[in-house]
Every structure is written in C-alpha cells, then in structure tokens.
Amino acid sequence: MIQVYTGDGKGKTTAAFGLAMRALGHGWRVLVVQFMKGDDQYGEVRTAQRLANLEVRQFGLKTFVQRGNPGADDVRLAQNGLEFARKAIQSGNYQLVILDELNCAVDYGLVALTEVIRLVQECPAGVELVITGRNAKPELIELADLVSEVREIKHPYQKGIVNRVGIDR
Ligand code: ATP
Ligand code: MG
C-alpha cells in the first residue's frame with residue numbers, strides 16, 4: 001500500500017518513524033530515505049545506528065534549499081536519492097520504505113512529479129511505501145491508498161521556539 005503524510009502541522013516525519021518502530025517489532029526490514037536533509041546528528045539517524053533492521057540514508061545538504069531556485073547540488077542529491085530509493089524498493093530487501101520529505105523535494109523543484117508517480121506505480125506488492133512532507137501533489141494523493149493530513153493548530157515556533165534537540169531533530 002501507498003501512504004502519504006502531509007499537511008503543515010508537526011508530526012509527519014515522526015509518524016513515519018513511529019510506523020517504523022511498529023514494523024521493526026515484527027521483524028520487518030525498514031529503509032528511510034531522507035530528502036533535503038544532510039545532518040547525520042538527527043536523533044533518528046543516531047538511533048538507526050543502533051538498530052539492525054532500520055537503515056536511514058540522507059540525500060541533502062545541511063543548508064536550506066531555495067524554493068524554485070535550488071542549487072545544482074541540491075538537485076543532484078535529490079535525484080540520487082530517488083534512484084537509490086527505486087533500487088531499494090525493487091530489491092526485495094525491505095518491507096517498509098519511507099521517503100521522508102519527498103513531497104517537499106517535488107514542491108521545491110528538485111525531482112519531477114512524473115518520476116515519483118512512476119516509482120509509486122512500480123512499487124511491488126510486499127513493500128509498504130510511505131511518502132511524507134508538506135504540499136503533497138493531488139496526483140499523488142489520488143494514487144495513494146492512505147493519506148493523512150497533519151494540520152497545525154499551535155506550534156512553539158509562534159513563540160519563537162524552534163528546532164529543539166530531541167523534539168524537532
Ligand atoms: P516532525 O519531524 O517533528 O515529525 P514534520 O515532519 O511534520 O515534523 P516538517 O514540515 O518536516 O515537519 O518540519 C520539520 C520541523 O520543523 C518540525 O520538527 C517542526 O516542528 C518544525 N516546524 C514546522 N513548522 C515550522 C515553522 N513554521 N517554523 C519553524 N519550524 C517549524
Ligand atoms: Mg518532516
């Protein structure tokens with residue numbers, strides 16, 4: 001099945017990792033491909049180093065991507081990520097594959113929606129695919145079996161509190 005977690009509230013990436021915890025409990029092998037992220041000190045990356053069946057791979061720089069005007073390295077990394085994901089999905093090595101922030105990578109012009117659609121359509125039975133990130137495209141929502149929208153009602157950034165260690169990263 002294809003799942004999409006989107007919306008402007010906090011909880012998309014962490015929901016995907018919550019699902020990973022559940023799947024790992026049943027012995028599944030889980031791959032998370034993170035787009036537009038390049039900080040290997042994220043808590044989830046550190047945790048994965050201690051869990052045999054959870055693999056987290058990052059395809060991004062540490063700096064922010066400019067929307068609509070991405071750098072060549074941003075584009076190259078995102079496309080490498082998508083190619084890596086495609087091979088992993090087809091490999092039979094993983095039962096759960098999470099493509100974290102792929103919606104943002106499409107939204108920011110790093111990868112083409114048509115390529116994402118193709119990857120989804122070619123996803124074999126036996127692989128659960130989760131795609132996270134704000135601004136999921138209607139075409140992807142149409143194709144997905146499960147779509148959840150996290151809506152922001154309140155967030156500490158409104159009080160100037162951002163990027164807390166252990167909570168946001
Ligand atoms: P999480 O990774 O905590 O599950 P998320 O995947 O739903 O969050 P993203 O859109 O990927 O959220 O945003 C990444 C981080 O930025 C989150 O940890 C969130 O708390 C924070 N964030 C969300 N909205 C804002 C904002 N407007 N300003 C600053 N930080 C924000
Ligand atoms: Mg996220």
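# Close-up views of a predicted model

View 1. Lys10 is partly exposed, with a relative accessible area of 43%, where buried means under 20% relative accessible area, exposed means over 50% and partly exposed covers what lies in between, with a 1.4 Å probe and the protein chains only. This is a predicted model, in which local features need pLDDT of at least 70 and side-chain atom pairs count only at pLDDT 80 or more, while totals for chains, interfaces and linings use all residues. Residues are numbered from 1 along each chain as its sequence is written, chains are lettered from A and ligands numbered from 1 in the order in which they are written, and side-chain values use heavy atoms, with hydrogens and water left out. The side chain of Lys10 meets that of Asp168 in a salt bridge at 3.6 Å, N to O, the term standing for a side-chain nitrogen of Lys or Arg within 4 Å of a carboxyl oxygen of Asp or Glu. This pair links distant parts of the chain, 158 residues apart, with Lys10 in the loop between β1 (2–6) and α1 and Asp168 in the segment after β6 (146–149). Helices (H or I, at least four residues) and strands (E, at least two) are DSSP runs, numbered from the N terminus. Asp168, at 26% relative accessibility, also counts as partly exposed.

**View 2. The surroundings of ligand 1.** The residues around ligand 1 are Gly9, Lys10, Gly11, Lys12, Thr13, Thr14, Glu101, Arg134, His155, Tyr157, Val162 and Asp168, a residue being counted if one of its heavy atoms lies within 4 Å of the molecule. An oxygen atom of ligand 1 is 2.4 Å from an N or O atom in the side chain of Lys10, and an oxygen atom of the ligand is 3.3 Å from a polar backbone atom of Gly9. Tyr157 places a polar side-chain atom 3.4 Å from a nitrogen atom of ligand 1. Of the 590 Å² of accessible area that ligand 1 has on its own, the protein covers 77%; such areas come from the Shrake-Rupley method with a 1.4 Å probe, and for residues only the protein chains shown count as cover.

View 3. The magnesium ion (ligand 2) is coordinated by Thr13 through OG1 and by Glu101 through OE, at 2.0 to 2.1 Å. Thr13 belongs to helix α1 (residues 12–24) and Glu101 to the loop between β4 (96–100) and α4 (102–107), so that the pair links distant parts of the chain, 88 residues apart. Donors are N, O and S atoms within 2.8 Å of the metal (3.2 Å for Na, K and Ca), and water is not among the atoms, so sites may look incomplete. Both Thr13 and Glu101 are buried.

**View 4. Strand β4 and its neighbours.** Five of the five residues of β4 are buried, so this strand is largely enclosed by the rest of the structure. Both of its faces are covered, with Leu96, Ile98 and Asp100 buried on one side and Val97 and Leu99 buried on the other. Strand β2 (residues 30–35) runs parallel to β4 and is joined to it by five bridges, and here Leu31 stands opposite Val97. Strand β5 (residues 128–132) also pairs with β4 in the parallel sense, over four bridges, and Ile98 stands opposite Val130 in this strand. Two strands pair if DSSP finds at least two bridges between them.

**View 5. Further salt bridges.** The side chains of Arg76 and Asp73 meet at 3.2 Å, N to O, and, being three residues apart in helix α3 (residues 72–91), they are separated by about one helical turn. Arg76 is partly exposed at 43% relative accessibility, and Asp73 is partly exposed at 39%. In the other bridge, the side chains of Lys137 and Asp107 meet at 3.7 Å, N to O. Lys137 lies in the loop between β5 and α6 (138–143) and Asp107 in helix α4, so the pair ties together parts that are 30 residues apart in sequence. Lys137 is partly exposed at 27% relative accessibility, whereas Asp107 is buried at 17%. Salt bridges that share partners also join Lys37, Asp100 and Glu101 into one network.

Technical notes. Polar contact = N/O pair within 3.5 Å; in protein donor to acceptor, adjacent residues only side chain to side chain.
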